[in-house]
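Hi everyone, thanks for making time.

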Amino acid sequence: MEDAIIEAIRLAVTKIPDDVVKSLQKAYEKENSPTARFNLENILNAIEIGEKEQIPVCQDTGTVTFFVEAGVRSPYLGVIKELITSALEKATREIPLRPNTVDVLTNKNIGNFPIIHWELVGGDKIKIAVLPKGGGSENCSALAMLTPAEGFEGVKQFVIERVKECGGKPCPPIILGIGIGGSSDLALKLAKKALLRPIGKRHQDEKIARFEEELLEEINSLKIGPMGMGGKTTALDVKVEVAPRHPASFPVGIVFQCWAHRKAFLEINKDGEVRIWQ
Amino acid sequence: MAVKLTTPLSEKEVLKLRAGDIVYLSGVIYTARDLAHRKIIEEGAPFDPRGAVIYHCGPVVRKRENFEIVSAGPTTSARMNKYLDKILSIGIKGIIGKGGMNPEPFRKHKAVYFAFTGGAGSLAAKSIRRVVDVHWLEELGIPEAVWVFEVKDFPLIVGIDAFGDSLYSNRH
């Protein structure tokens with residue numbers, strides 16, 4: 001089972017998922033500026049090399065984040081945290097990953113530390129989403145506690161301002177995750193989780209789906225372009241998730257993801273059988 | 001315009017470059033990130049800075065007989081804006097990174113900012129022929145150490161030239 005988690009991490013860092021690759025290819029076809037094409041050509045070549053040679057596409061193999069949906073009747077519930085931690089340690093040596101964790105006080109590099117988000121669910125399966133996420137895009141994350149009066153129009157302004165401010169730093173074309181509602185912490189968690197939804201797949205609520213499309217269009221009209229050097233594609237997609245809010249609060253969390261949107265999923269059933277996919 | 005350049009860079013070569021030019025860079029380059037910048041400024045560079053090119057990069061490294069570079073794309077340069085004026089004042093003529101930087105120090109010190117595509121680490125590693133040396137590895141760890149790379153025809157875009165012209169529209 002530990003090996004399966006290592007394999008999922010390997011799949012995530014060496015192979016960019018098909019939904020992302022397709023949308024990058026589309027972006028390449030649309031661009032005619034030489035710098036935008038230089039960057040998108042490099043991106044598509046890097047993706048090919050990563051997959052062919054089984055090496056990390058991006059050297060920033062990120063903070064490896066795990067979203068775990070843990071079935072309360074799974075016989076592995078008690079060991080899954082230890083399995084994830086030891087798998088990440090081995091993956092760091094074997095794949096290899098960049099040791100990416102630094103002690104806050106001493107600045108010493110201490111390897112790789114997994115960030116795990118837990119959700120207990122019914123049933124006997126454990127589903128894990130692996131999301132290795134680089135520092136450049138993560139540094140652009142933002143939280144705003146808007147007033148209810150500002151509402152969705154305020155969300156739009158906040159998002160556009162943040163995207164402009166960050167320019168080329170998060171490695172555009174980006175994928176943007178936005179969490180609206182809940183509380184300050186939940187808004188950011190929803191924003192990060194939103195990134196797991198495939199490119200092009202809209203929110204099931206029609207109004208939110210329309211809001212995603214509006215934001216995407218407006219972000220791309222900024223012409224920040226691939227790597228911030230100008231061009232038609234600044235974002236590949238925008239994903240919005242919502243949760244009920246306090247009557248006085250309107251929290252908005254934004255999480256940026258770079259074009260190297262690495263993700264993989266695995267599911268462990270009660271017999272220990274494992275399925276891995278992207 | 002596409003030109004081939006070899007490190008160390010002379011001021012004359014740097015002044016010929018314009019934002020948007022493609023450069024194929026060969027020779028020796030030095031990686032440096034946040035902590036290495038601070039150490040270089042406080043303690044001096046562990047290499048001759050005159051005409052040198054610094055790469056904002058924290059590579060994935062594999063150690064077999066020697067160090068091998070697995071993946072080595074650029075990191076976000078704007079984090080190093082704080083050190084830029086001092087770093088260029090010791091004679092460094094080129095910086096490779098992504099996302100752009102404050103253009104003014106490049107104009108002031110007649111230096112140039114080269115951009116490579118962020119995230120394309122597997123491709124960048126193809127331009128690295130070998131690891132010549134590494135400084136401060138024990139103290140700073142793999143991503144932050146100063147790695148000395150020999151590169152061959154590393155394809156770069158001039159993002160900011162020595163006249164302060166920049167391809168980046170946003171402020172840094």
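Chain B and chain A bury about 2900 Å² between them, with 61% of it on carbon and sulfur atoms; buried area here is the accessible area, taken with a 1.4 Å probe, that two parts lose on being put together, summed over both. In chain B, the residues that lose the most area to chain A are B:V60, B:T117 and B:S122, together 17% of what that side buries. Before I go on, a word on the ground rules: this is a predicted model, where local features need pLDDT of at least 70, side-chain atom pairs count only at pLDDT 80 or more, and totals for chains, interfaces and linings use all residues. Residues are numbered from 1 along each chain as its sequence is written, chains are lettered from A and ligands numbered from 1 in the order in which they are written, and side-chain values use heavy atoms, with hydrogens and water left out.

Back to the interface. Chain B brings 42 residues to the contact and chain A brings 38, where contact means heavy atoms within 4.5 Å. How many salt bridges are there between chain B and chain A? The count is one, and the partners are the side chains of B:K126 and A:E53, at 2.6 Å from N to O. The rule asks for a side-chain nitrogen of Lys or Arg within 4 Å of a carboxyl oxygen of Asp or Glu. On the side of chain B that touches chain A, the residues divide into 20 nonpolar, 14 polar and eight charged; Ala, Val, Leu, Ile, Met, Phe, Trp, Tyr, Cys and Pro count as nonpolar, Asp, Glu, Lys and Arg as charged, and the others, Gly among them, as polar.

Now, the sheets of chain A. One is an open sheet of five strands in the order 4-1-5-10-11, with mixed pairing. Helices (H or I, at least four residues) and strands (E, at least two) are DSSP runs, numbered from the N terminus, and two strands pair if DSSP finds at least two bridges between them. At the edges are strand 4 (115–121) and strand 11 (274–277) of chain A, each pairing on one side only. Strand 10 (residues 264–268) of chain A runs antiparallel to strand 11 of chain A, and four bridges join them. One bridge to look for has A:I268 facing its partner A:V274 in strand 11 of chain A. Helix 4 (residues 80–94) of chain A packs on this sheet, touching strand 1 (63–71), strand 4, strand 5 (126–133) and strand 10 of chain A.

The other one is an open sheet of four strands in chain A, order 6-9-7-8, again with mixed pairing. Strand 6 (142–146) and strand 8 (235–245) of chain A each have a single partner strand, so one side of each is left without a neighbour in the sheet. Strand 7 of chain A pairs with strand 9 (residues 250–257) of chain A in the antiparallel sense over six bridges, and A:G177 has A:V255 as its bridge partner in strand 9 of chain A.

Last, some backbone details. Most residues other than glycine have a negative phi, and most peptide bonds are trans. The bond from A:P172 to A:P173 is cis, with omega near 10°, and A:P173 lies in the loop between helix 6 (151–166) and strand 7 (174–182) of chain A. B:T7 and B:P8 are also joined by a cis peptide bond, omega about -5°. And A:Q54 has a positive phi, near 55°, in the loop between helix 3 (34–53) and strand 1 of chain A.

Note on methods:
Axes fitted to C-alpha atoms, helices over the stretch in contact; angles between N-to-C directions.
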